[in-house]
Amino acid sequence: MTYTKEYLDKIQKELNTAVLCAILDDLGYRHQAMDGSLYPLEEDYKLVGVAHTILAYDVYEQPKEAYATEIEAVDALKPGSIAVCVNKSCNNGIWGELMTNPAIARGARGAIIDGAIRDITQIKALRAQFMLFTKGRNPLDSKGRCLVADYNCPVECDGVRVCPGDLIFADIDGIVVVPQDLVETVVEKAFEKIAGENLVRDALRGGMLLKDAFAKYGIL
C-alpha cells in the first residue's frame, strides 16, 4: 500500500492510538494494539507509516554471511515505510545507527523493534527524520547472535500479527496495527470521532456533566 507523505503526516499529527483502537473495536477488530512492552526513545514520539516487516531469530555461532538478508531487508525499505523488526530476544542490538541512516535514505519514517537496539544517542539525534520504538537496549552486535530469516512476510510483533502493507500508528500510549484493507475506513471514521471528541471536551470544560455529555454526543 502506498500513501503520500502529506496523508501520513496528517494522520500522525491529528490522530492518536486511542481513537484508532476505538474505531477498530467498533468494526470488530478488538486485538490490534500491541501488548505494551515496546517504548519510544522519547515520550513525545508519534509515528505513522506502512509496515515493512523483518523476521529474525537467535543463533549461537557466526555464519559466513551474517548480514546478507539483513542488508537486503533494509535496502528494500520504501518511502513511507516503518521497519517492523521482530527478534523477540534482547541478546543483541539488532538495530543501530548504520541501519537507521540507509533507512532514512530509502524514505522510511521509523522503526518498531521487538528486540533490542544500540547507538541510541546517535539515533535520537535523527528524530526529525526517524523515530524508533523498542523493547530494550544492548550494545552487542547481532553477528553470531541472530540472523534475519526473511522480510516482507507476516510476523507477530509484541502480540499482534503484522503483515506487509498494514498501517502502523505508534505513540506514548502504545502501538496499533490497522490492517491494510481497513485503512481508509478506519482513518475516515477516526477523523469523525476526533471532531466529536473536541465538542465533548469543550462541553465538559464548560461545566456540562459527563452523563449529559455522553447522552448528547454518545462519545466517551
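Predicted model: local features only at pLDDT ≥ 70, side-chain atom pairs only at ≥ 80, totals over all residues.

Trainee: What makes S142 count as buried?

Mentor: Its relative accessible area is 2%. The cut-off for buried is under 20%. S142 falls under that limit, so it is called buried.

Trainee: Which residues does G93 touch, not counting those up to four places away in sequence?

Mentor: A116, I117, R118, N138, L140 and S142. G93 itself is in strand β4.

Trainee: How do you know whether G93 is buried or exposed?

Mentor: Its relative accessible area is 4%. Buried means under 20%. G93 therefore counts as buried.

Trainee: E70 came up as a contact of S142. Which residues of α3 are buried?

Mentor: In helix α3 (residues 68-75), they are E70, A73 and V74. They cover an arc of only 95 degrees around the axis, so they lie on the same side of α3.

Trainee: What covers the buried residues of α3?

Mentor: The cover includes β2 (47-58), β4 (93-95), α4 (97-105) and β7.

Trainee: Which residues are buried in α1?

Mentor: L8, I11 and Q12, in a helix that spans residues 5-14. Seen down the axis of α1, the buried residues fall within an arc of 95 degrees, so they line one face of the helix.

Trainee: Which exposed residues does the face of α1 turned away from its buried side carry?

Mentor: E6 and K13. Exposed means over 50% relative accessible area.

Trainee: What is the phi of N152?

Mentor: It is near 50 degrees, a positive value in a residue other than glycine. Most residues other than glycine have a negative phi. N152 lies in the loop between β7 (146-151) and β8 (155-157).

Trainee: Why is N152 called partly exposed?

Mentor: Its relative accessible area is 37%. Buried is under 20%, exposed is over 50%, and partly exposed is in between. The value for N152 falls in between, so the label is partly exposed.

Trainee: And D158, buried or exposed?

Mentor: D158 has 8% relative accessibility, so under the 20% limit it counts as buried. Its phi is near 45 degrees, again a positive value in a residue other than glycine. D158 is in the loop between β8 and β9 (160-162).

Trainee: Now the whole chain. How do you know that its radius of gyration agrees with a compact globule?

Mentor: For 220 residues, such a globule would have a radius near 17 Å. The chain has 19 Å, which agrees. The C-alpha atoms fill a box of roughly 65 × 30 × 30 Å along the principal axes.

Trainee: How many helices and strands are there?

Mentor: Seven helices and eleven strands. Buried residues make up 48% of the 220.

Trainee: What share of contacts joins residues at least 24 apart?

Mentor: 76%, among contacts between residues at least 6 apart in sequence.

Conventions. Residues numbered from 1 in each chain as written. Heavy atoms only, no water. Buried < 20%, exposed > 50% of the residue type's maximum accessible area, 1.4 Å probe, protein only. Helix = DSSP H or I, 4+ residues; strand = E, 2+ residues; numbered from the N terminus. Arc of directions from axis to C-beta. Rg over C-alpha atoms; globule rule 2.2 N^0.38 Å. Contact = heavy atoms within 4.5 Å.
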